[in-house]
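Have the viewer open and follow along.

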Number of protein chains: 2
Amino acid sequence: MGISERKERERTEREQRIIAAARLLAERDGWASVTVRRLAQEIEYSQPVLYAHFVNRDAIVGAVALEGFGELGPMLRTSVRRGATPTEAIQDVATAYLQFAFERPALYEAMFVLPSGLRFAKSDTPQVLRDTFGAMMVVVEPFCADYEIATESFWAALHGLAELERHGRIRSTHRDERVRHIVAMFG
Amino acid sequence: MGISERKERERTEREQRIIAAARLLAERDGWASVTVRRLAQEIEYSQPVLYAHFVNRDAIVGAVALEGFGELGPMLRTSVRRGATPTEAIQDVATAYLQFAFERPALYEAMFVLPSGLRFAKSDTPQVLRDTFGAMMVVVEPFCADYEIATESFWAALHGLAELERHGRIRSTHRDERVRHIVAMFG
DNA sequence: GTTGACAATCTAGCAATGCTTTATTTATGT
DNA sequence: ACATAAATAAAGCATTGCTAGATTGTCAAC
């Protein structure tokens with residue numbers, strides 16, 4: 001029964017190519033340029049085969065977003081310097097988060113702004129999402145008893161910084177000073 | 001020369017009707033439902049007429065956003081209780097900001113999320129925008145020497161709270177506790 | 001081998017969008 | 001009353017997400 005296995009393998013390969021193409025295109029020309037037609041052209045299949053993999057365009061965004069969470073979580077964890085004080089740790093995570101947001105704006109957009117069909121803070125929330133939230137919670141925990149709520153606040157502050165700067169609402173200078181203010185929420 | 005005046009009057013009236021229709025439709029069915037065709041139908045003119053008022057759809061969003069800033073600024077200023085301590089004042093503004101965001105989600109979206117053609121933090125930034133930022137700056141000033149940067153951080157934190165909750169990224173409970181954490185940035 | 005069923009894939013099309021070009025009506029000044 | 005100019009509308013273009021129906025390829029049974 002190697003045939004059906006080969007087919008399954010080819011199928012997942014093709015799915016990966018769709019996701020990779022979407023991510024690349026989004027990062028290069030923005031998500032508005034990621035059309036189903038263009039993706040089809042990119043993977044050299046006709047449009048309808050994309051719908052054999054994803055229910056709709058949003059689901060493609062969601063798949064890219066999931067990849068993003070798979071990268072952000074570990075990146076936040078490794079960002080903390082060895083032997084860092086709690087305050088340094090929270091600073092490191094904040095800086096790493098913003099760096100991620102600004103270096104991969106399209107990926108960040110898929111994860112936190114665009115409709116992606118992903119469900120957060122629910123019982124069926126994927127583990128990668130929980131892990132990413134956990135990476136932030138780890139450094140907030142030393143400061144607060146209500147660490148879950150505190151982590152939401154911390155995350156929100158970082159997200160706001162990322163979004164307002166991405167949209168040109170605040171200056172792209174003084175980034176570090178703003179981080180310092182945010183970190184001052186704790187300790 | 002009463003004719004051209006009448007025409008000008010009719011023109012601005014029509015423009016107002018476009019903006020009002022856009023705002024109403026957006027608040028009722030979301031911005032995706034605000035199409036140029038539907039707006040044309042609403043004001044009982046053909047599509048090209050809208051392009052005699054606005055260069056494109058984004059400009060209509062921008063007009064609605066401007067209205068929003070005209071309301072948010074005063075709302076933030078009046079939100080501060082008489083005789084409030086600096087800490088209470090900043091709390092009041094934070095609460096009022098979030099209330100605004102949650103009560104008029106579409107308006108908020110036009111102001112801070114959607115492409116609107118508005119220019120922030122630039123030399124040609126409209127006065128209403130500066131005033132709204134000023135309303136936040138007033139309550140931050142007592143706490144920091146670098147009050148401009150601090151206000152950006154404060155604003156970002158509030159925006160993050162609004163956005164993450166609006167998109168279901170964080171729970172809709174514990175709103176007050178999160179505000180308390182944000183306010184703890186100061187004082 | 002031939003045939004028939006089934007799965008994989010594509011062609012072609014629908015309805016909707018933002019925006020523009022071209023035609024037509026309406027209003028204006030002489 | 002009429003020519004001209006301004007205001008408005010009808011129709012069309014290119015693009016989008018998504019889908020129904022036709023077509024191709026594959027593989028087992030006879």
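A word on annotations before we use any: UniProt positions are given in the numbering used here, feature names are shortened, and annotations may be inferred rather than shown by experiment. What you're looking at is a predicted model, where local features need pLDDT of at least 70, side-chain atom pairs count only at pLDDT 80 or more, and totals for chains, interfaces and linings use all residues. Residues are numbered from 1 along each chain as its sequence is written, while chains are lettered from A and ligands numbered from 1 in the order in which they are written.

Start with chain A. It has 9 helices and 0 strands, where helices (H or I, at least four residues) and strands (E, at least two) are DSSP runs, numbered from the N terminus. Read from the N terminus, the elements of chain A go α-α-α-α-α-α-α-α-α. Taken along the principal axes, the C-alpha atoms of chain A fill a box of roughly 60 × 40 × 30 Å.

Now for the annotations. An unreviewed UniProt entry marks residues 12–72 of chain A as "domain: HTH tetR-type". That stretch, residues 12–72 of chain A, is 75% helix and 0% strand, with its end C-alpha atoms 23 Å apart. The unreviewed UniProt entry also gives a "DNA-binding region" at residues 35–54 of chain A. Residues 35–54 of chain A are 60% helix and 0% strand, and here the end C-alpha atoms are 13 Å apart.

On the helix 7 side of chain A, the contact is made by A:F133, A:M136, A:M137 and A:V140. Helix 8 of chain A brings residues including A:Y147, A:F154 and A:W155. Two residues are in contact if their C-beta atoms, placed from the backbone, lie within 7 Å.

How do the two chains relate? Chain A can be laid on chain B with an RMSD of 0.1 Å by a turn of 180° and a shift of 0.0 Å along the axis. That is the relation of a two-fold axis. The superposition is by least squares on the C-alpha atoms of residues with pLDDT of at least 70 in both copies. The same surface serves both copies, as 100% of the contact residues of chain A recur in chain B.

The contact between the chains takes 28 residues from chain A and 28 residues from chain B. Helix 8 (147–166) and helix 9 (175–183) of chain A each supply at least two residues to the side touching chain B, and helix 8 of chain A gives the most, with 13 residues.

Finally, the DNA. Which residues are closest to DNA strand C? They are A:S46, B:T35, B:V36, B:N56 and B:R57, out of 15 residues surrounding DNA strand C; a residue is near a strand if its C-beta atom, placed from the backbone, lies within 6 Å of it. Helix 3 of chain A provides the largest share of the surface near DNA strand C, 3 residues.

DNA strand D is also surrounded by 15 residues, the closest being A:T35, A:N56, A:R57, B:Y45 and B:S46. Here helix 3 of chain B gives the most to the surface, with 3 residues.
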